[in-house]
Amino acid sequence: MGNVNCVFCGCIEQASVGVVEKWGRFDRLAEPGLNFWNPLAGECLTGTLSTRINSLDVKIETKTKDNVFVQLLCSIQYRVIRQNADDAFYELQNPTEQIQAYVFDVVRAHVPKMNLDELFEQKDEVAKAVLEELEKVMGAYGYNIEHILMVDIIPDASVRRAMNEINAAQRMQLASVYKGEADKILQVKKAEAEAEAKYLGGVGVARQRQAITDGLRENILNFSHKVEGTSAKEVMDLIMITQYFDTIKDLGNSSKNTTVFIPHGPGHVRDIGDQIRNGLMEAASAKVTE
């Protein structure tokens, strides 16, 4: 506010308003700039008020409907109404204490009606209720409430730990569901890949056998035409003998095999040829019978 100034003039700063008294009674408000008053007529500048926005932080401790103790940090932004500066100057000795008292009253009337989750979701509703009450009360004293912000809601430390554990458990559960779905998709894709690989492998084996059969047929025909007096049976025996020795050679060159026991005798190759030929003939006859 300010001290009594009994000179003839004075300057009021910008964003301020002066209170001029005459013989100890309120006379008028002095606007920013150079102002004159007559001390001989009993006029003097009693004090000044700032019209800038002030901020007041209020910490309230209360409990919710589900018996959880919480601390609420509320920020009130207020200013003096220039036209009603005389009310603000004379009516309230300590406006901050008055504002704090009403904030405590309104918050402790609303928060116990909500559980903790509702308080977090509806904190703006609590701030709105405080704003409406303060505007109604403090307006009569020359103060305007600009904004009320519910800055923070701080539950008890044990409650915070419990909430974090619940949240962590829910996220772990969700992660397990996603992991299970991912494993399921991986298994399905793996099975599909194996099935496709087996199918393609079967197609490859069939094409390989077809190519071998076609090659053998072509070799037998060419050999029979170029070498007179040879029969298809003799050519087939020759080819099978060649394949037999190639197979033995491949087994011997393989690094994964150390010793291979193969039954062998002078007539063994002919026996193998007879077995292969008999098998082919039996398969052909069975196909004709069907």
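Predicted model: local features only at pLDDT ≥ 70, side-chain atom pairs only at ≥ 80, totals over all residues.
**Entry 1: contacts and overall make-up**

Residues are numbered from 1 along each chain as its sequence is written, and side-chain values use heavy atoms, with hydrogens and water left out.

I then found seven helices and eight strands in the protein; these are DSSP runs numbered from the N terminus, helices being H or I with at least four residues and strands being E with at least two. Of the 290 residues in the protein, 24% are buried (under 20% relative accessible area, with a 1.4 Å probe and protein chains only).

**Entry 2: the sheet 3-2-5**

I looked up an open sheet of three strands, which has the order 3-2-5 and antiparallel pairing (two strands pair if DSSP finds at least two bridges between them). Strand 3 (25–30) and strand 5 (43–50) are the edge strands, each pairing on one side only. On average, neighbouring strands of this sheet are turned by 30° against each other, direction ignored. Strand 2 (residues 16–22) and strand 5 run antiparallel and are joined by seven bridges, and I found Glu-21 opposite Cys-44 in strand 5.

**Entry 3: the sheet 6-7-8**

Next I followed an open sheet of three strands in the order 6-7-8, again with antiparallel pairing. Its edge strands are strand 6 (54–63) and strand 8 (143–155), each of which pairs on one side only, and the twist from one strand to the next averages 20°.

Strand 6 and strand 7 (residues 69–80) pair over ten bridges in the antiparallel sense. Here I found Gln-77 in strand 7 as the bridge partner of Ser-55, while Leu-56 stands opposite Ile-76 in strand 7. In a regular strand, I remind myself, side chains alternate between the two faces of the sheet. The hairpin of strand 6 and strand 7 has five residues between the strands, and in this hairpin Asn-67 takes a positive phi near 60°. Strand 7 and strand 8, which run antiparallel, are joined by eleven bridges, and the bridge partner of Tyr-78 in strand 8 is Ile-145.

**Entry 4: helix 2 against helix 4**

I looked up how the axes of helix 2 (residues 95–110) and helix 4 (residues 123–138) lie, and they come within 9 Å and cross at roughly 140°. That makes helix 2 oblique to helix 4, because angles under 35 degrees count as roughly parallel, over 145 as roughly antiparallel, 65 to 115 as roughly perpendicular and the rest as oblique.

The residues in helix 2 that meet helix 4 include Ile-99, Tyr-102, Val-103 and Val-106, and among their partners in helix 4 are Val-130, Glu-133 and Leu-134.

Key: Axes fitted to C-alpha atoms, helices over the stretch in contact; angles between N-to-C directions. Contact = heavy atoms within 4.5 Å. Buried < 20%, exposed > 50% of the residue type's maximum accessible area, 1.4 Å probe, protein only.
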